[in-house]
Amino acid sequence: MNVNTHLQQMKSGYLFTEIVNRTKAYQEEHPDAEILRLGVGDITRPLPAPIVEAMHRAVEEMGQPDTFRGYGLENGYAWLRQAILDNEYTPRGIDLTLDEVFISDGAGSDLGNLSELFDVRNTVAVLDPSYPAYEDTTLMAGRPIVFLPCTVENNFVPELPKVRVDIIYLCYPNNPLGTVLTREQMAQWVRYARENKSIIIFDAAYEAFIQSPDIPHSIYEIPGAKEVAIEVCSYSKSAGFTGVRCGYTVVPKATGLQAMWLRRQCTKYNGTSYISQRGAMAAYTPEGKAAIRTNITYYQQTAQLLLNGLRQLGYEAYGGVHAPYIWCRVPQGYTSWSFFDLLLDRCQVVCTPGAGFGPSGEGYVRFSAFSKREDCIEALERMEQL
Ligand code: PLP
């Protein structure tokens, strides 16, 4: 056999593994250090009670002969797909059908798996910096990649590609930048995709954090997007499902890809667990919605606190309003990794070095508002002493 040389040649070390390793090494050398983790984008608040209760009920059903369920549909239970249409799309004037919604085990798998729909020679545009999955998936398949720099010079808004690209990964609200696109900026991408017969894979994992009615939650709010966009959504960051695993992906028939995706899923995916889907369903009850809103508000307030605190300390900090991430410029003379080391060494604070998100991330670090509020306050106090 021959191995996948594209995968073999990828640079070793996933960003977050390297952070964990450096933090662990520091802790071993300084066993008494109280390390404050403001780096990783995992949620920290427990699951809302209505979701836990719904999953408990689902477990009980699984233990009874009359209500036990085996394999579900590959694309998910119809009641959950209907709830998604009724809660996420119809109120925004977006008309989709049940079979265009595919329940997943979270955004992460589909963001990579969707690439199986496309020819391996397709060119892929990836924001730089960005969540590592888009670039890594593209490199693993050996597809040519075009980076779209998001820098302070372009206000962190990527310009349209100068060469024609086939596949475009967009992520808004953005991880790691914490930025959003206006309706008009999003419409430019839809126009580009329509004119160039490209497809947009739109990662909306953080849409629940949007605070302004002017910012689109879904790319399908843009007329004409249904022909050129697939949308990938997740309950991870809204309902706290990072460890439960459930999300959904919308593949409109108008893309010409819906039947292919169903075909692929039927072979390679045996469905999301009934228990997870019941948990997700509870996210749409009045109690579930209220509990989720409480958690998101908590993270939003933490983000505000971090953003203001960093600015007061004199840092150039961005994002943090419609997203749980703050993108912060490192002081002159530092790289993103040397500043990471400085914060760890002098403040026992862990952030995420921007260079790990792509070349344009050099010179920045990311702070996450999923961190505990008291840790953020303490981290800002320690950073004041730097
Ligand atoms: N997309 C973005 C932009 C993310 O930041 C993450 C997780 O951090 C994911 C997708 C993965 O989400 P999930 O837990 O649904 O796989």
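Tutor: Start with helix α10 (residues 286-312), which lies across β9, β10 and β13 and runs at about 155 degrees to β9. Contact here means heavy atoms within 4.5 Å. The angle is taken between N-to-C directions on a scale from 0 to 180 degrees, with axes fitted as lines to C-alpha atoms, for helices over the stretch in contact. Helices (H or I, at least four residues) and strands (E, at least two) are DSSP runs, numbered from the N terminus.

Before going further, a word on what you're looking at. This is a predicted model, where local features need pLDDT of at least 70 and side-chain atom pairs count only at pLDDT 80 or more, while totals for chains, interfaces and linings use all residues. Residues are numbered from 1 along each chain as its sequence is written, and side-chain values use heavy atoms, leaving out hydrogens and water.

Back to what α10 lies across. The strands β9, β10 and β13 belong to an open, antiparallel sheet of four strands, ordered β9-β10-β13-β12. At its edges sit β9 (317-319) and β12 (352-353), each pairing on one side only. Two strands count as paired if DSSP finds at least two bridges between them. Between β10 (residues 325-329) and β13 (residues 364-368) there are five bridges, in the antiparallel sense. Along that pairing, isoleucine 326 faces phenylalanine 367 of β13.

Now the other sheet. It is open too, with seven strands in the order β2-β8-β7-β6-β5-β3-β4 and mixed pairing. From one strand to the next, the twist averages 20 degrees. Look at β3 (residues 124-128) beside β4: these two pair in the parallel sense over five bridges, and valine 126 stands opposite phenylalanine 147 in β4. This sheet has a helix across it as well: α7 spans β4, β5 and β6 (199-203), at about 150 degrees to β6.

On to the ligand. Counting a residue as near when one of its heavy atoms lies within 4 Å, there are 15 residues around the ligand, and Asp203, Tyr206, Ser234, Ser236 and Lys237 come nearest. Helix α5 (residues 107-113) gives the most to this shell, with three residues. By class, the shell has seven nonpolar, five polar and three charged residues. Nonpolar covers Ala, Val, Leu, Ile, Met, Phe, Trp, Tyr, Cys and Pro; charged covers Asp, Glu, Lys and Arg; the others, Gly among them, are polar.

For polar contacts, take pairs of N or O atoms within 3.5 Å. A polar side-chain atom of tyrosine 206 is 2.6 Å from an oxygen atom of the ligand, while glycine 108 places a backbone N or O atom 2.7 Å from a ligand oxygen. Serine 236 uses a side-chain N or O atom, 2.6 Å from an oxygen atom of the ligand. The protein covers 91% of the 400 Å² of accessible area the ligand has on its own, computed by the Shrake-Rupley method with a 1.4 Å probe.

Definitions and conventions:
Polar contact = N/O pair within 3.5 Å; in protein donor to acceptor, adjacent residues only side chain to side chain.
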